[in-house]
Amino acid sequence: MTDQADTSERKPKAAGGKTLSLKRTVESGHVRQNFSHGRSKSVVVEKKKKRTLKTDGAAPASAEEKAKPAAPAAKEAPAAPAAAAAPEPKKKTEAAPAAAEKKPAARARSGVVLRTLTEEEKAARAQALDSAREREDEDRRRAEEEARRFAEEDARREAERAAAAARAAEEAARLAAEQEARARSADEAKRRGTEEERPAPRAAIKEIAADDVDEEEKPKRSAGHAAPKQPAARRGEERRRGKLTITKAFDDDGGRQRSLASMRRRVERERKKHMGMQDAPQKVVREVVIPEIITIQELANRMAERAVDVIKILMKQGMMVKITDVIDSDTAQLIAEELGHTVKRVAESDVEEGLVGEDDAEELKQPRAPVVTVMGHVDHGKTSLLDALRKTDVAAGEAGGITQHIGAYQVTLGSGDRITFLDTPGHAAFTSMRARGAKVTDIVVLVVAADDGVMPQTIEAISHAKAAGVPMIVAINKMDKPDADPSRVKNELLQHEVVVEDFGGDVMAVEISAKTGKGLDKLEEAILLQAEVLELKANPDRSAEGIIVEAKLDKGRGPVGTVLIQRGTLHVGDIIVAGTEWGRVRALINDRGENVQSAGPSQPVEVLGLGGAPEAGDVMSVVENESRAREITDYRQRVRRDKRVGTGNRTSLDQMLSQLKEQDKKELPIVVKADVQGSAEAIVQALEKLGTDEVTARVIHAGVGGVTESDVTLATASRAPIIGFNVRANAQAREAARQDGVEIRYYSVIYDLVDDIKAALSGMLSPELRETFLGNAEILEVFNISKVGKVAGCRVTEGVVRRGSHVRLIRDDVVIHEGKLSTLKRFKDEVKEVQSGQECGMAFENYQDMRKGDIIECFDVEVVKRSLD
């Protein structure tokens, strides 16, 4: 590699006749570098020179050089004023022209042209000097502050070291005093012979104290002070000791002593013991909440004790348990009391405490409308009576003209008074509905048709009213018919201990006609009079409580419950619990189909917002939050599930025999879906009554709402038909039923449903075999014929013998064989029958053991189809 420099630099011109100018301070050139393999590179090289000014033979000096002597002066005399140093540059500047005049020859020889400084240059130099002096002053002040801070830091560190040394000396003195006290006590114990262990040597204690002092000094050393070096003698001892082997560890001659850490722990324990810090902490006594059953782990956690201690207590009592085992509340109480805790026994049902409030004070109650339940036999005019009172036509909307739901209505009379009516079904299948209606009512109106008299469901309604303990008003309906006889009805009621006022009793009887409206005003007056006697009152200013009269699953609105408010006021947004379901009230709809924001006592409303359809008859209550509602419903669902499963029940011998009988019983599985909960319940009860000892109908699922795919899947697995009462199957369910061959039957009248199920159960009954006696024959002789077998020669002694009929072979009054006749001949001809007194030949099917003197009994078997009565 070679370098080539560009030397095209201008040469200085002669001084004479030219203007004064400054020389160039930067010289530049190009250098080309050549590398191997023909490579090269051009580099720009610059050379900078420092510009200087020469003054009368003196050495050139720049502004920086003139400012340099000021720094030492500032250090020597920091208090000197800055103004004292300012005149020096001026003197030098004024002396410069004089020096230039004295030696012109020297300037000519040097070849440098000098000139007098202008005012601007002088001002610039003065400004530069002032800036330099200001910087020097700032540096000087900064150095003074730094020195003062260093001095203060050194003083603080010296004070800290002195305090640490004092603390170390105090701790060493305290440890020495403690060691002396322990040594004295150890010597005294040794003299008495009560303690064998020798006290630790004084050198070890001093070493522990020194280590404690070193521990305190470690943070200070890490802050900037080097740790003292370990003495060489001690390191030599450790190096000479060598590794610790098993031989050395168990060698008594080696004099192996306790470790330093052990000695330090011992000294610390002794120190705490003398200072009173070794006392055990006070035991915390807790109130332990114990449910009916609890695991050992949970009990230990509630007591804040170790589970091992609990297991030890149980093992002392002879119980070998694990940490996950369950114990009863009595055992848990004994354990908690033995460990010094107090016990609070709770039951799982305590979650329902406070759900139903106590009775309100009399001054808070206000009059409310009476709740009247209309009961009676089917087709005696209950719904027509309510229609006449409400000026509506509900009976026309019911299938078959009979009521199959509980209807709740509120009627406002002309006087402004209100009456709440509950219409119950009169059919025999709706017994539970009538009983439920009687429980929530204040007054029962017993409707009896004047032309029909007292009927079975009328008697049942009387029993429900007496069981509920509510007053009764008899409404003798259909007085517009020509064959109406009210006196007959009153006399028939006497047989059931219902004495009307006409006969000196306390039961009011009103003759009415729902069709013409006759006597309705008298019935209303009787109801209001009876309500006034009862003094019906309730507190509307409290949380609502009521009864679920009816529940259903609506396709567009979800689960809907008909609630009769008993006390309090139900508002939209309240959180309610009804049976095993809970939810937030989204809407309230009255009996007229209008949305309302609240419902008071004795007012029936439909509630939307429940999580599922509750059961009719469940109590509805308002709770404070969702967590409480969820806790209550979880407990109720668990109780219902345990009842259904029947956990823990042992089977007796009688129960085993009955179960064996049940296994022989034929069952008809059925899936029931109804429009409302009450109808589904009535259907299940009606089907259960149809069973006999041989066959029974088993409802594997009864629900509310339309038929869904899950219902079809359940019916397919159980081989059960699906009964839909006032509901229909959706398209997916119909397609799944068609593919799986599941039968879906729809009904709107409960009569037809019960009749069809009864016919299906009748078809499952085994047919009855009925025997018809034909005649007897006595064997006179037995003939053995080749290719035919044995043939009995007989004489018919009674009745007639027919070919193909059933026969029994009787020997010595014992039945030997039972079968059929294969051959019946008279002489050589085959005949169909042989009359009494005639002789014939007989042969049995697959039987040859016949003897002289046997009796042959001939009979026919008739298959009779059975049916459920």
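Predicted model: local features only at pLDDT ≥ 70, side-chain atom pairs only at ≥ 80, totals over all residues.
View 1. Leaving aside residues up to four places away in sequence, Leu570 touches Ala544, Ile565, Ile576, Val585, Leu588, Gln597, Ser598, Ala599, Val607, Met620 and Val622.

**View 2. Strand β18 and its two pairing partners.** Strand β18 covers residues 575-578 and is covered on both faces. Ile575 and Val577 are buried on one side, and Ile576 and Ala578 are buried on the other. Strand β19 (residues 581-589) pairs with β18 in the antiparallel sense over four bridges, and Ile575 stands opposite Arg584 of β19. The two strands β18 and β19 form a hairpin with two residues between them. In the turn, Gly579 has a positive phi of about 65°. Strand β23 (residues 619-623) also runs antiparallel to β18, joined to β18 by four bridges. Here Ala578 stands opposite Met620 of β23. Met620 is also among the residues that Leu570 touches.

**View 3. Buried and exposed sides of helix α21.** Helix α21 comprises residues 709-718, and its buried residues are Asp711, Val712 and Ala715. Viewed down the axis of α21, these buried residues fall within an arc of 100°, so they line one face of the helix. Thr713 and Ala717 are exposed on the other side of α21. The cover over the buried residues of α21 includes the strands β24 (666-674), β25 (695-704) and β26 (722-725), together with helix α22 (731-740).

**View 4. Packing of helices α21 and α22.** Two packed helices are described by the angle between their axes and the distance between the axes. For α21 and α22, the axes come within 8 Å and cross at roughly 20°. Angles under 35 degrees count as roughly parallel, and α21 and α22 are therefore roughly parallel to each other. Their crossing is right-handed. On the α21 side, Glu709, Val712 and Thr716 take part in the contact; they meet Gln732, Ala733, Ala736, Ala737 and Asp740 of α22. Val712 is also one of the buried residues of α21.

Note on methods: Residues numbered from 1 in each chain as written. Heavy atoms only, no water. Contact = heavy atoms within 4.5 Å. Buried < 20%, exposed > 50% of the residue type's maximum accessible area, 1.4 Å probe, protein only. Pairing = 2+ DSSP bridges. Arc of directions from axis to C-beta. Axes fitted to C-alpha atoms, helices over the stretch in contact; angles between N-to-C directions. Parallel < 35°, antiparallel > 145°, perpendicular 65-115°, else oblique. Left-handed = near helix turned anticlockwise from the far one by under 90°.
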